[in-house]
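Please read it alongside the structure.

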Amino acid sequence: MRKKSAREIEVASPTGFCFGVKRAIESLEKSIDECSARWEGHRNVYSIGMPIHNPQEVERLTRKGLVVVDRIEDVPPGASVFIRAHGVSPAVKDALVKRCGSGVTDATCPFVKNAQEKAALLSGEGYPVLVLGDPGHPEVQAIVGCAGGEVFVASSLGEVEKLCKKDRLGVISQTTQKSEVLGAAAKILAPRVRELRIFNTICGATTQRQEAVRKITDHVDGLLVVGGKNSANTAKLVEIARSRECDVLWIEQAEDLDCRWFREKKKIGIAAGASTPDWIINELINAIETSQVSRGMEDYDGRNEK
Ligand code: SF4
């Protein structure tokens, strides 16, 4: 716990980069460094889609040599290409290997890989597959691509309720899903499906960060959640904190701080999504403790006391 002036800051534990993202970013940086060394800085590493849901980290990597593209056709044949922690469907991976050969670095998180394998296994054994998650999320799209047969995605319990009765059904979840949602979906489905097979593919890193937010909201006056606005796991942390009636400010970096939010708050919690790098968390703490932001808060408190 850090103490400074009249305010206390407590950082949730664990928080920030998870194992899979850390592993992927290290692998990407290694790939960029090897490329630069081999081609004297004239070659880039391509990623289809953002390698991480954090705009500031993507900007840092872009300065080093990362190029983010939208489509496979935008990757020059023979180039170095990076598969992010969210993974890709087998069809996309095959197309990349065909285009770039040994230039493909696959940094799919092992937990995502596990969900992909379970989808393929269930499909292979003839179960229709239900994926509990966001159909627009690349991780879910990759999982869907691994299920060869009938596959549905439900983004809410309401959508699970709408599923008609089935003889058999296999269920897996997006790795960032809330455990309560998986449990509630199992309760809804159990009376309606004769043979129900559920794999809990929620990642431990996600549940630990969610639990850390539940704990910290019990004893802080407000919670700063740091992470990309495009990060699903950060959004879940915000949702959990708000459901516990905690005053939450969701920011991407220290620059987004609003001094007014700190009014009448003596103890502030900080939590970060699994895609938020340590350097952003440290800059935020530093800004609160030592910089202009801190002075701005004191000025604001001073005005309020008058
Ligand atoms: S949140 Fe879990 S599944 Fe997702 S990248 Fe991190 S460790 Fe892997």
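**Surface and overall architecture**

The accessible surface of the protein amounts to about 14,700 Å², and carbon and sulfur atoms account for 48% of it. The model is predicted. Its C-alpha trace spans about 70 × 60 × 25 Å along the principal axes.

**Fold and composition**

- The protein contains 11 helices and 13 strands.
- Of its 306 residues, 51% are buried.
- Considering contacts between residues at least 6 apart in sequence, 71% join residues at least 24 apart.

**Charge**

- There are 43 positive and 42 negative side chains in the protein.
- The centres of these two sets lie 3 Å apart.

**The largest nonpolar core**

- The largest nonpolar core has 21 residues, and the members that touch the most others are V21, I25, L28, V45, I52, L66 and F82.
- Helices α1 (19-38) and α2 (55-64) each supply at least two residues of this core.
- The greatest contribution to this core comes from α1, which gives six residues.
- At least three residues of this core come from each of domain 1 (2-17 + 205-305) and domain 2 (19-109).

**Contacts of L66**

- When neighbours within four places in sequence are set aside, L66 is in contact with L28, I32, V45, S47, P51, V58 and L61.
- Two of these partners, L28 and V45, are listed with L66 among the core residues that touch the most other members.

**A separate core**

Notes:
Residues numbered from 1 in each chain as written. Predicted model: local features only at pLDDT ≥ 70, side-chain atom pairs only at ≥ 80, totals over all residues. Heavy atoms only, no water. Core = buried A, V, L, I, M, F, W, Y, C linked by side-chain atoms within 4.5 Å. Buried < 20%, exposed > 50% of the residue type's maximum accessible area, 1.4 Å probe, protein only. Helix = DSSP H or I, 4+ residues; strand = E, 2+ residues; numbered from the N terminus. Domains from an automatic or database assignment. Contact = heavy atoms within 4.5 Å. Areas by Shrake-Rupley, 256 points an atom, 1.4 Å probe, with all protein chains shown as cover. Lys, Arg positive; Asp, Glu negative; His and termini not counted. Charge placed at Lys NZ, Arg CZ, Asp CG, Glu CD.
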